[in-house]
Number of protein chains: 2
Amino acid sequence: MLIGEYRHTIDDKRRVAIPAGFRKEIGKKVVVTRGLDNCLFVYPLAMWQKVADRLSGLSMGQADTRSFSRFMLAGAIETEVDSMGRILVPDFLKDFASLKQKVVIAGIHDRLEIWDEARWKEHTERIEKQADVLAQKLGEIGVF
Amino acid sequence: MLIGEYRHTIDDKRRVAIPAGFRKEIGKKVVVTRGLDNCLFVYPLAMWQKVADRLSGLSMGQADTRSFSRFMLAGAIETEVDSMGRILVPDFLKDFASLKQKVVIAGIHDRLEIWDEARWKEHTERIEKQADVLAQKLGEIGVF
DNA sequence: GGGAGTAGTGGGAGAAAGTGGGAAGAAGAA
DNA sequence: TTCTTCTTCCCACTTTCTCCCACTACTCCC
């Protein structure tokens, strides 16, 4: 179970260190994809396989599912965690998530999320304000 | 599984480099054909065989399926990846996809797509804006 | 409080990938 | 047949990437 948030930096070679505590669980090969809310998702390879299988099952005939699988598949890359525990973030993903130097790496159950620090702050602050509203919704669906 | 996007150039001899990471999987012989959404599809030969079979299996009675398989089959050419990992794009396909110098090569599961860089940008930006639709789709296929 | 070990960051060297150009061969026209 | 043009194959250069090593800071344990 991946939990917690960490502050790291991306160097000019586009490398980000995976927090040491996550490395064992996430494995050596990972897949980085475009995520929601302008962040990046990092999946362990096995986890990605499941997502990819479902995506490849979608029909190519319809324009919207075609665009969707393009978005997810072309927007993903398989990469290896190097000997120092870092992964490479290609330019197009860096741009997509507007990553500057400082990033936040968050563990969300079975994936990691990579956020630009400023956006993360903004996002969490907004969520905090709505915490009571969210709690109620979660209550309604029976989480609490 | 072919995933990721890469920026390459077409030289004046109409050659495009296949990203090194794709070469092993895509093999030596490939088929390039007119794709959907104004891009080109590049299939490994074996994969193309399946697509072609499926196309020829379509009912010839209906005018629209007839013209669709004509669109795919007539526009297809078989070509070899040269020793430097490049393929030749004939003029009619280059024109069809409005390819200028800068192109994007995207891996979409079992095929590559070649896009003019400007069109690709336009296309992906349009998709990104539909975040709510994306989230719903992701939910449907069980990513969350 | 001090030392050892681990995590995060930065840099350098060697290797590989991408791109451009030239030469040789094939095809077509005069 | 010969000349020209277009194509294809090969070589070389430049840039980018990748792997490895080193330094610093922080933490944990003695």
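**Protein surfaces near the DNA and the sheets behind them**

The surface near DNA strand D comprises four nonpolar, two polar and four charged residues. Here, a residue is near a molecule or strand if its C-beta atom, placed from the backbone, lies within 6 Å of it. Ala, Val, Leu, Ile, Met, Phe, Trp, Tyr, Cys and Pro count as nonpolar; Asp, Glu, Lys and Arg count as charged; the others, Gly among them, count as polar. The model is predicted: local features need pLDDT of at least 70, side-chain atom pairs count only at pLDDT 80 or more, and totals for chains, interfaces and linings use all residues. Residues are numbered from 1 along each chain as its sequence is written, while chains are lettered from A and ligands numbered from 1 in the order in which they are written.

Both protein chains contribute to the surroundings of DNA strand D. From chain A come Lys13(A), Asp82(A), Ser83(A), Met84(A) and Leu88(A). From chain B come Lys13(B), Asp82(B), Ser83(B), Met84(B) and Leu88(B). DNA strand C has 18 residues around it. Asp11(A), Ala20(A), His8(B), Asp11(B) and Ala20(B) come nearest. The surface near DNA strand C divides into eight nonpolar, six polar and four charged residues. S1 of chain A and strand S1 (2-9) of chain B each supply at least two residues of this surface.

Chain A was examined next. Its secondary structure comes to six helices and eight strands. Helices (H or I, at least four residues) and strands (E, at least two) are DSSP runs, numbered from the N terminus. Along the sequence, chain A reads β-β-α-β-β-α-α-β-β-α-β-β-α-α. Its C-alpha atoms fill a box of roughly 40 × 40 × 25 Å, taken along the principal axes. Of the 144 residues in chain A, 32% are buried. A buried residue has 20 or more other C-beta atoms within 10 Å of its own, an exposed one 12 or fewer, and a partly exposed one a number in between, with C-beta atoms placed from the backbone. Among contacts in chain A between residues at least 6 apart in sequence, 61% join residues at least 24 apart. Two residues are in contact if their C-beta atoms, placed from the backbone, lie within 7 Å.

Six strands of chain A form an open sheet with antiparallel pairing, in the order S1-S7-S8-S4-S3-S5. Two strands pair if DSSP finds at least two bridges between them. Strand S1 (2-9) and strand S5 (77-80) of chain A stand at the edges with a single partner strand each, so one side of each is left without a neighbour in the sheet. Neighbouring strands of this sheet are turned by 25° against each other on average, direction ignored. Axes are lines fitted to C-alpha atoms, for helices over the stretch in contact, and angles run from 0 to 180 degrees between N-to-C directions. Strand S7 (residues 102-109) and strand S8 (residues 111-116) of chain A run antiparallel, joined by six bridges. Within S8(A), Glu113(A) is the bridge partner of Ala106(A). Helix H2 (residues 45-56) of chain A packs on the sheet. H2 touches strand S3 (29-34), strand S4 (40-44) and S8 of chain A, and its direction makes about 110° with that of S4(A).

In chain B, six strands likewise form an open sheet, ordered S1-S7-S8-S4-S3-S5 with antiparallel pairing. S7 (residues 102-109) of chain B is mostly covered, with six of its eight residues buried. Eight bridges join S7(B) to S1(B), and the two run antiparallel. Ala106(B) stands opposite Glu5(B) in this pair. His8(B), listed above among the residues that come nearest to DNA strand C, has Val103(B) as its bridge partner in S7(B). Towards strand S8 (residues 111-116) of chain B, S7(B) makes six bridges, again antiparallel. There, Ala106(B) stands opposite Glu113(B). A hairpin through one residue joins S7(B) to S8(B).

The two chains also touch each other. In this interface, 18 residues of chain A are in contact with 18 residues of chain B. H2, helix H3 (63-73) and S5 of chain A each supply at least two residues of the side that touches chain B. H3(A) gives the most, with seven residues. This side of chain A divides into 11 nonpolar, three polar and four charged residues. Only 6% of the interface residues of chain A are also interface residues in chain B, so the copies meet through different surfaces. A rotation of 23° with 10 Å of shift along its axis superposes chain A on chain B, with an RMSD of 1.3 Å. The superposition is by least squares on the C-alpha atoms of residues with pLDDT of at least 70 in both copies.
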